[in-house]
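Hi everyone, thanks for making time. Let me put the model up, and then I'll walk you through a few spots in it.

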Amino acid sequence: MVQLHNFINGEFRAPAADGYLPLLNPATGQVFGHVPDSTAADVDQALQAATAAFPAWRAVPAEERGRRLVRLAELIELNLETLAQAESQDNGKPLSLARTLDIPRAASNFAFFGTAAQHFATETHLQEGVALNYTVRHPLGVVACISPWNLPLYLFTWKIAPALAAGCCVVAKPSEVTPYTAYLLSELSREAGLPPGVLNIVHGTGPGAGQALVEHPGIKAISFTGGTATGAHIARTAAPQFKKLSLELGGKNPNIIFADCDLDAAVQTSLRSSFANQGQICLCGSRIFVERGVYEPFKAAFLAQVRELTVGDPLAASTRQGAIVSEAHLHKILSYIDLAHQEGGRLLTGGQRVQVPGRCAEGYFLQPTVFENLAPDCRVNQEEIFGPVVTLTPFDHEEEAVTWANGTDYGLSATIWTRDLTRAHRVAHQLHVGVVWVNTWLHRDLRTPFGGMKNSGLGREGGLEALRFFTEAQNVCVKL
Ligand SMILES: NC(=O)C1=CN([C@@H]2O[C@H](COP(=O)(O)OP(=O)(O)OC[C@H]3O[C@@H](n4cnc5c(N)ncnc54)[C@H](O)[C@@H]3O)[C@@H](O)[C@H]2O)C=CC1
Ligand SMILES: O=C(O)/C=C/C=C(\O)C(=O)O
């Protein structure tokens, strides 16, 4: 059994009230450890440590802060196999995905922000012979980073790295569903030379430790990724205290396929954008709109490949679809499959729970599922399912595709497939989303602004946007 601890002031601590939650491997349905069920008392200890550490950490030159973050990136790379195994065990994702996506990206997050801080220059505005304005950006102080279960270490570090690089001290709470790699990061952060109190990791539930963290008056900013309802709740709590908020929330992303596209590439990548990580990525393209002229060829090629996806033990090299993160989430996805039938959907493939033999017999597996014949405004096409379920819908005109793409409360990302670049730009500019991919998907450059419009969030992560978020501008005007 694995026993996780909070990481406060550079040391491992048991939760003050001694409460623990079970840790389940979703691929086996078995408990493999316990994680602290922290309370406001633990959060307060972490806040005290972070507040005490802040004056010294902000005074460390950006180059030196960066060196330690780069060292942490190296340590993640050195421990890649241990971290990937832990991520797969905790989340149910294929080990191959954890090895090639989750853990390498966690390392990149620290490597990127370790150096980005040195490019975060002070702005000046000169009024020739009159005045010189320069804008200093001060680290905010102690900030909260709250992350979800779908890309655990990837998203946890995506928040922590810029906060530390900017000179803030952090109290972070990973998802209680997948806290294992965040725990392993605690030790690595100490080895990388982060001083005690600079990074504190408190485990526990959303309503427990999470709520206490959001409410704590010592927190200056909250960077959150998770469900839209949770984001709205956090905003209601934090706004009266004037805390800065970065909210990266849900998506119901359109994948628009025009008849002139490279169909093979569109099929290959749509397979990934539909089912990567069992469809549990906020950027997955769950609504596939296909121009009528290529609807049938796309459908045939896509379905043939979906049927080839092996659902199975996350540790097996042949597995392309691992387990759904929890039994509760599996039932939520199954309820949307029922709804799709009720709403008149035609099931093209999948739709059933999968019984994986051997050690995974009790795991939470689901077939990758494709429906057609669902109206763009039905609930299945409007609500975030966050699982391996996509819909196919033919369209006749570009305007129709754009209207449907924009016809949800979400606005995170979109993918466009066409060889006509004029059209690609035209369509991209009409889409109410924060991120557009043309002839690709999840192609990430960490310098770019990342985040959603409408109910998909508030603010942007990535690059200098993240460093701006974790700092406060102060303008100094000098008369010449
Ligand atoms: N946009 C995204 O990347 C994600 C979207 N989701 C969506 O949200 C749905 C619900 O999933 P959940 O696991 O319940 O996500 P959630 O939004 O409740 O959890 C995300 C994080 O927020 C924390 N949290 C929850 N309530 C909180 C509160 N009151 N104060 C502070 N922190 C709080 C959780 O402990 C976790 O660390 C999913 O079915 C999916 O549709 C879930 C995870 C990621
Ligand atoms: O930053 C990225 O590359 C991906 C982010 C993905 C999410 O925020 C998500 O799935 O929740």
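A quick definition first: a helix's expected span is 1.5 Å times one less than its number of residues, and helices (H or I, at least four residues) and strands (E, at least two) are DSSP runs, numbered from the N terminus. This is a predicted model, where local features need pLDDT of at least 70, side-chain atom pairs count only at pLDDT 80 or more, and totals for chains, interfaces and linings use all residues. Residues are numbered from 1 along each chain as its sequence is written, while chains are lettered from A and ligands numbered from 1 in the order in which they are written.

So, helix H6, residues 180-191: its 12 residues should span 16 Å, and the end C-alpha atoms sit 18 Å apart, which agrees. Several H6 residues are buried, among them Tyr180, Leu185 and Ser189; buried means 20 or more other C-beta atoms within 10 Å of the residue's own, with C-beta atoms placed from the backbone. Just after H6, glycine 193 takes a positive phi of about 95°.

Last stop, isoleucine 8, in strand S2 (residues 6-8). Isoleucine 8 is buried, because 25 other C-beta atoms lie within 10 Å. Thanks, all!

Conventions:
Buried ≥ 20, exposed ≤ 12 C-beta atoms within 10 Å, placed from the backbone.
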